[in-house]
Structure formats: structure tokens, C-alpha cells
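Please consult the sequence and coordinates alongside the text.

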Amino acid sequence: MIKAPIYKTMDQRSSVDSVSEEEKPSLTEERASKIYFSWSNNEMEGTFHSQLNERVRPYLDLIDSLRLMGINEDLALPAIAVIGDQSSGKSSVLEALSGVALPRGSGIVTRCPLMLKLRKLSERAEWKAIISYKDMTTEFTDPSMVEEYVNAAQNELAGDGVGICDELISLEILSPDVCDLTLIDLPGIARVPVKGQPEDIGDQIKRLILSFIEKSETINLVVVPCNVDIATTEALKMAQEVDADGKRTLAILTKPDLVDRGTEKNVLDIVHNRVIPLSKGYIVVKCRGQQQIQEKVSLVEATKRETDFFRQHKYFRVLLKEDKATTQCLATKLTQDLVDHIKKALPTLSEQVKMDLWNSRKLLSECPEGPPSEPQQKKAYLVDILSLFNENINSLSAGEVVNEENLFIILRSHFQRWSDDLQCSQASFGKMMEDVGKEYDLKHRGRELPGFSDYKVFEIVVQRLVMKLLGPALDTLKIIRETVQAQFIDISKMCFSTYPFLDCVAVNKIDKIQSRQEAKVEERIREQFEMEKLVYTQDTIYLKSLTKMEESSPVNWADFDTRNKYPEMFQSYYEIVIQRLADQIPMLIRFFLLKESARVLCSEMLGLIEGVDLEKALCESSDGSRNRHDLLSRIERLSEAQEKLSRFI
Ligand code: GDP
Ligand code: MG
């Protein structure tokens, strides 16, 4: 399956053949070579190659097609994520694996997650790459353009400069010279922000990395240079945090040529899993150093030199035999790991797809159905939704609880407050009586002695007291109009949630009708108050009230006062006024603002059926239709995924 861009020509074969006896590949290495390298036995290689391909490709293709379908929006798919501190050699490793020059440099170069999909093509096929991000997809055929395209994508997503972004760039490379692998390159872990970076850039990067490596579906490829203290590397620490047993962590030791003299044995200890054990273990690779890049050593040449380096290395030579060194070995191991990982993940993935499918279908069934497409059915549909709206409005006005808030509880509390205002107004009777009495004596008194003008004074007092209540009555009206209007609007929002036109029409109508009704009630209230100035009640009613009053508190003649001699008589009458207003105002309000306006609203809404532009009325809001469309496409995606998965399980 692995076919790096190397070991192809007879020249190379002879150069390898010419190595000394001691450096000849070991048996295992030779076997590996036969499988993966064209320079060994060509015929053997061919058959092995295709067999392996047959075994590996379908799994990689499966995951790729799932990813292409957008399943990774719903579920985590198996992938390999490359993490490491800045300048640890991540890009170099990716470059060696892909045979593609990626953006490299000092500081932060990788600023967005980059999904590198390597797809092997048949021998004669042309190199091709497809870069996609957001809704953009570009195809190109010049390998030297990769860097430019990736940089442009990064600049667009993360802005020019040194910021990072968590949107994925996908770079698919199709070539006869790559191995089948999908890798995700992540920004390097930076410790100190550089100029222009936010203070928390380190945390931002860590969070981004974590979002990939914490998924149990991800194989974490941790890149650590040989020349640093491995135990202190942040990347390995992070990988250990999310994968304590190291079951899905593979460490890559880079820069073996830069290892400090005398510490080679320590490196070997690490590779032999004796320092920080990882079940997937370690692999040492040597990539192009800065000098080799400057000398323009090709990737092909570099990979050849890598093998030579290990063969000739006094300490690291053993690693070749153990399949723990070279980029080739890494590629082989990675592909196999990825396939194993995928195989292991398939049953769970299939379960998840099933669950997700079930949930999505359930959500869809709860989703309001869209309007039908047939014009005739559209009308019936409009009648249905308008009737539902009217039903709700009528229920509300009849006192049923339709929304979260119980309208009648709110109304009752406002009416109670109105009744309290009425009761309180009684208290100012004494003072008012005195004021009016004085005023009357001053302006109107004729020949009578002071205090003999009682009835007139009494009338004025009642009139003034009552008029003071007009304000609170109108306030009550106003606040109830707001409450009722809000609840009507709630119903509109509920019933026409996906039909903005209908909602808009209903809200406008509600406002207009309520204004009209409010004006009517206001007029009636004012009339009522004008009528109260008449100071009238049936004699029988008045006398009944007076008797009741005197029974409960007989007149104490000792308290007899010229200005206050008939408090009971006043009170008896005022009690009747209070009773009248206490009921009358709420009844007016309820009748006009709730009952009548509900009736008018319902009939106006039904009136829409004739004459309204059906297309316009039933035009769904993007939210509503998007929700259903999202669900539909998700269900389609998932069903297709389920279909695909079922062929593998
Ligand atoms: P990244 O920041 O992790 O992507 O690191 P790079 O891949 O850009 O590598 C950082 C520097 O280390 C570059 O100058 C590489 O040329 C150099 N480098 C990477 N691997 C090796 C290696 O095996 N040996 C030597 N000598 N230099 C290497
Ligand atoms: Mg890099």
C-alpha cells in the first residue's frame, strides 16, 4: 500500500545494492521492502501491493466517503492528528509522508487545521490536488503551488498575520507516489505569544488541538525532536491526558541527526518504550534539515539519505531491524494503524449512525410540516393553520391557559389592584369634605349658617373623589391592553413560527384591533365617570347599604361634628359607587379588549383566505425551512452512511 515517491529507478537500486554486507537490509526489513518498495522484486511487489491495496483502500475510502457526505458534522470519524511543539518537525514529517512541500518556516506556520488526504493513484495517473475550505473548492495540478494555496486559505480563514482559526482546510492529493492516508496537521504548541498574537494564543491552540485529539476516534501522532527532553514536551503531555494508556498515541522522534553525543542510548531507551511507554510505541525519522532544504535536496533524495543515515548509525542501526525507523516504516505503520483503528471503530460508528438516524427522524416528525405544493391543497392548508390560530385565540379569551402564562391570573391581579385603589380613595373623604365645605362656605353660602349646605357639599365631594379614580382606571386599561396584546402576539408567533408573512399580518391586525378596542373602552370609561357625577342610586339600594352600615357601626352622637356629621351616609353611597366601578371597569375591559377583539381578530384572519396571495402567505421563513431541510439532508446522509457501513460489518 505504501508507495513513497522514492526507490523507483534502477540507478537507485544499484546504489542501494552497493551498500556493504553489514548494512544490507535485515530479513524483516527486506520483507517490508518487498511489500512496499518497487526496487525489490517487481513482480512480487506488484501482487503484494494490489492485495494490500485491496484490503486497505476500501476502509480508507469508506471513511473518506463518510467524511465527504458530511458525516463528521454529526459524528467523529477515525483520523490521524499530528501534534507537536513548534518546530518539532511536524511539517517535515508530513512532507516526507506526502511527498508534497507544505508551508514551512519558523514561528507559527500552520494556523488552521489542515486535513491532508493522500490518495494513491494508478502508476500513470497525473498528480492532482484539491483544496477546499468553507464553500470553496479549487483543483490544481502543480505540486509547487501547494504552499501558496494553503497559505491563501489560511489567510482567508485566520486572517493575514499570526492568528489561528478552527475551520478545517482540506487538501486532497492524488498521485501515484503517495500512500493512502488521511492526516490532520494542527498548529504547533506555542508557549509565548509573539507580536500580534493574543495573550492566550497558547490556550487557544491547546483547545483547538484538544478538540481533535480527545476524540477516541483519533490516532494521535505526537512529534518530538530527539534532542529535547521528551518527558517535558507539551504535546506528549496533552496526548497522555486524553489517552492515558497510550492506546491511540504514536510518538515520532525527529531530528535523530541532531541528538547530543552521548545521549543516543537515552533515545534508544525511549524508542524501546522504557521511559514513557506507549502501546503504539515510537518511530524515529530523519527529515530534511534546514541545510538540506537550502541545498535543495529533493524529498526523494532525502528519503534515500534517511535510510542511509540509519544504516550507518552506530546506535540507531538496530531500529531498522525493529521496524522503528524511517519515514517508510512510519507510513506503513500508520496506514495499518489507521485501518485497524477504523475496523475497531466501525461497530460503534454504525451504532451511532443508527441512533442519530433515529433521533433525526424523531425530530423531523416533530418538525412542523411545510406547506403542500399543490395550489388547491395550499388553500386548505392555510385554512388549517388559520383555524388553529383562531382556536388558540378563542381559547385564550375564554380563559383557557394557552401559553406559559395564565392570562386570567394576570388580569385578576390587575383588577384587584384597581379595586384596592377604589377602597383607598375612601380614606380621603374626611379631608375632602372639610376642603369642599370651606370652599363652599367661601364661595356659595347664602343666608344659612355654616354647615347647612350638606347635600351640595356631599355631591361635590363624591364627584371629586370619583374623578380622581379616572387616572387609575385608564392605567388599568392600558396595562391590560399590553398584557392581552402580548399574549395574542405570542399565539401568532407560536402558530406562524415558520410563516413570517402571516405572523406579520396577525401582529399588525392585533395591534390595530387592540388600539381600536382600547379607544372604545376609554370612551366608555370616561362616560361612566361622567355618569358618576350624577350621584345616583335607587333609594332601596341606598337605604339597604345605610342600614347595613348603621348596624355594623352605629352613629356615636358624642362624636357629632358639623363637618362630619354624616360619614355613614357618605360611606353608604360611596360603597355603592365602589361596587359599581369595581365591576364595571374590568367588565368593559374584558369585553372589549379580550372577547370582542378576539372575535374581530379571528374573523379578520379568516378573511385572509379569500384574496391573499397563497405563495406569499405560505412562504416559509429560512429558519423554519432550513431546520427541516437540515434534518432531511442529515437523514439522507445518515441513511447513505448506514448503507455503506452495513457492507463492512
Ligand atoms: P514544525 O514547526 O513542527 O512543522 O517543524 P518543521 O517541520 O517546520 O521543522 C522545523 C525545523 O526542523 C526545520 O528547519 C526543519 O528543516 C528541521 N528539521 C525537521 N526534521 C529534521 C531532522 O530530522 N533533522 C534535522 N537536522 N532537521 C530537521
Ligand atoms: Mg509546521
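Predicted model: local features only at pLDDT ≥ 70, side-chain atom pairs only at ≥ 80, totals over all residues.

An open sheet with mixed pairing is formed by nine strands, in the order S4-S3-S5-S2-S6-S1-S7-S8-S9. From one strand to the next, the twist averages 20°.

Within this sheet, strand S1 (residues 79-84) and strand S7 (residues 218-225) are paired in the parallel sense over six bridges. Ala 79 is positioned opposite Thr 218 in S7.

## A helix across the strands

Helix H8 (residues 234-242) lies across S1, S7 and strand S8 (249-254). The helix runs at about 155° to S7.

## The ligand shell

Ligand 1 is surrounded by 19 residues, of which Ser 87, Lys 90, Ser 92, Asp 257 and Gln 290 are the closest. By class, the shell comprises four nonpolar, eight polar and seven charged residues. Helix H5 (90-98) and helix H10 (290-294) each contribute at least two residues to the shell, and the largest share, three residues, comes from H5.

Oxygen atoms of ligand 1 take part in several polar contacts. A polar side-chain atom of Lys 90 lies 2.8 Å from one such oxygen atom, a backbone N or O atom of Gly 89 lies 2.9 Å from an oxygen atom of the ligand, and a polar backbone atom of Lys 255 is 3.1 Å from an oxygen atom of the ligand. The protein covers 89% of the 570 Å² of accessible area that ligand 1 has on its own.

Technical notes. Residues numbered from 1 in each chain as written. Chains lettered and ligands numbered in written order. Heavy atoms only, no water. Pairing = 2+ DSSP bridges. Helix = DSSP H or I, 4+ residues; strand = E, 2+ residues; numbered from the N terminus. Axes fitted to C-alpha atoms, helices over the stretch in contact; angles between N-to-C directions. Contact = heavy atoms within 4.5 Å. Near = heavy atom within 4 Å. Polar contact = N/O pair within 3.5 Å; in protein donor to acceptor, adjacent residues only side chain to side chain. Areas by Shrake-Rupley, 256 points an atom, 1.4 Å probe, with all protein chains shown as cover. Nonpolar A, V, L, I, M, F, W, Y, C, P; charged D, E, K, R; others polar.
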